[in-house]
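Let's take a walk through a protein model together, one stop at a time. Keep the picture open and follow along as you read.

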Amino acid sequence: MKTAGWSRSAVLFGWLALAPTAFAAGVLVLEGDVRGTAARGRPADVEVHALAAGLRHTFADRTGDRITLYALAEARADLDERMFHELYVRYKGPLGAWNATAGRFRLPFGLLPGFTSERLLFSTVEEHTLGFDADDGLLVSGQSGDWEYGLAATQGLGPHRTPDWPGPGLLTGRLALTRGESGEANFGLSFAAGRSRMGHDMAPERDVSRRLAAVDATLYQGQATVRLETAAGSLGGHALATLYAGLDVAVRPRWEVNAAGSLVHREGRGDEALFLGLSFRPSWLTIRGGYHYAHTGTPHHGLALQLHRLFSLPY
Amino acid sequence: MTRIFPAARDYRTVTMPIGAARRAAIEKAIGFPLLPGQREQFQYFTMTGEAGRPIGTIIAATQKGQYGAVEFVFGLDGAGAIVGIYVQRARERDQTFKERSFLDQFLGMKAADAGRLRKMLGAEGNRGRAAVIAGLLKELTTFRELASNPAG
């Protein structure tokens, strides 16, 4: 299901991008993600998982960067599903101590502010916790010293659903601390409260109440990066507990081992998934492949191969 | 950024194009090619103080290490001298390039010290430390080449 009515936002974005300003800078990012999957009992499949174009344009006044416009347009699932995954305008306060954002943005919850698994072969658990990773609304966020924060009031619809007003309503927030000479550790505490649509694979659409608290950590240690997130609370009146853990280790200059696992426990049922894979990065492409196991999913065992290319063009 | 310029009130992003002639001059001066993604544009941040007055420059550098990108940040005062440097992200096995004793030797260096940096780079056997030296050589040279005559 796609969000319609985004054309007005695109026109506004274009108008602002053309408006005169003292200083301006930006970056255009183009991405392609093609995947092949094979699972026992199913024919092998190849799809254009995503084509994406992201544009970040920053306007500055005499004292510093002030307004950022960001749009991330995506075509997914062999180009059948098209949408603006993110589309916002952000006013930046001095040194980013506070920022006000309006539009569709990634939510301040768990690992989401600093990490996305959208272009990876194993997904984090926001589909189970929040139902989506981005939503429409208002966000106040910022950074001061080693601390960062974010508080968002959003519609609770996510980027995939049919537009509605005002929507069920969701509050999310995160407070995080970065430690270490090179920022080797980041720890976050998050909450989510309100109602939002179920994950976008669920049909028909229905709203559920969410009351969640989460703890996350990102650790950089030598060649290894560790990401952890655990959340607990209630979803639709039922207890929910989730855990995500990911480990990336650079083993050779162009090779990386990737391992990840997730556990979702709801209504007395546990759903575990595991992934073990390799990433290879020649200068012009990233090639990822791996084995995926889903304890309750069908089929249990699967193999995946991904070709991913990202162009970044600052201007 | 405020770690290097605690008095800063804000920053402004500056992106400058690198033309073919400029790129050739930079690559000749540093002795190695610019990395893909760094060949067409150069970006830095002007740190501003009271009333938007520029108080220095922050450059976020990326150079290839043995296990991927070595990302580090350094600041230049109004005279173009390095006033602070720290490693932001790297995945090297040997982490000695993060040590203050290594990084602090670059304080006070300017683009005019390119010859000294080239000598250090030639004598350096450690990939992580070499990435920092090469990155500094590249960024200082590019900044001087572009900021001294932006339109040229």
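Start with two helices in chain B: the axes of helix α1 (residues 20-30) and helix α4 (residues 127-147) come within 10 Å and cross at roughly 140 degrees. Helices here are DSSP runs of H or I with at least four residues, strands are runs of E with at least two, and both are numbered from the N terminus. The axes are lines fitted to C-alpha atoms, for helices over the stretch in contact, and the angles run from 0 to 180 degrees between N-to-C directions. The crossing of α1(B) past α4(B) is right-handed; that's the name when the near helix is turned clockwise from the far one by less than a right angle, while anticlockwise gives left-handed.

Before going on, a bit of housekeeping. This is a predicted model, where local features need pLDDT of at least 70 and side-chain atom pairs count only at pLDDT 80 or more, while totals for chains, interfaces and linings use all residues. Residues are numbered from 1 along each chain as its sequence is written, and chains are lettered from A and ligands numbered from 1 in the order in which they are written.

So which residues of α1(B) meet α4(B)? On the α1(B) side they are B:Arg22, B:Ala25, B:Ile26, B:Ala29 and B:Ile30, and they meet B:Leu137, B:Lys138, B:Thr141, B:Thr142, B:Glu145 and B:Leu146 in α4(B). Being in contact means that the C-beta atoms of two residues, placed from the backbone, lie within 7 Å. Sorted by class, the residues of this contact are 6 nonpolar, 2 polar and 3 charged. (Nonpolar covers Ala, Val, Leu, Ile, Met, Phe, Trp, Tyr, Cys and Pro; charged covers Asp, Glu, Lys and Arg; the others, Gly among them, are polar.)

Next, look at where the two chains meet. Here 22 residues of chain A are in contact with 26 residues of chain B. On the chain A side, the elements giving two or more residues are β1 (23-39), β2 (45-60) and β16 (301-314). That side has 10 nonpolar, 9 polar and 3 charged residues.

Most residues other than glycine have a negative phi, and most peptide bonds are trans. A:Asp78 isn't a glycine, yet its phi is positive, about 55 degrees. You'll find A:Asp78 in the loop between β3 (65-76) and β4 (81-92). The peptide bond from A:Trp165 to A:Pro166 is cis, with omega near 0 degrees, and A:Pro166 lies in the loop between β7 (147-154) and β8 (170-179).

Finally, how confident is the prediction? Chain A has a mean pLDDT of 89, where pLDDT is the predictor's confidence in each residue, from 0 to 100. Over residues 1-5 of chain A, though, pLDDT stays under 50. Where pLDDT is low, the predicted coordinates should not be read in detail.
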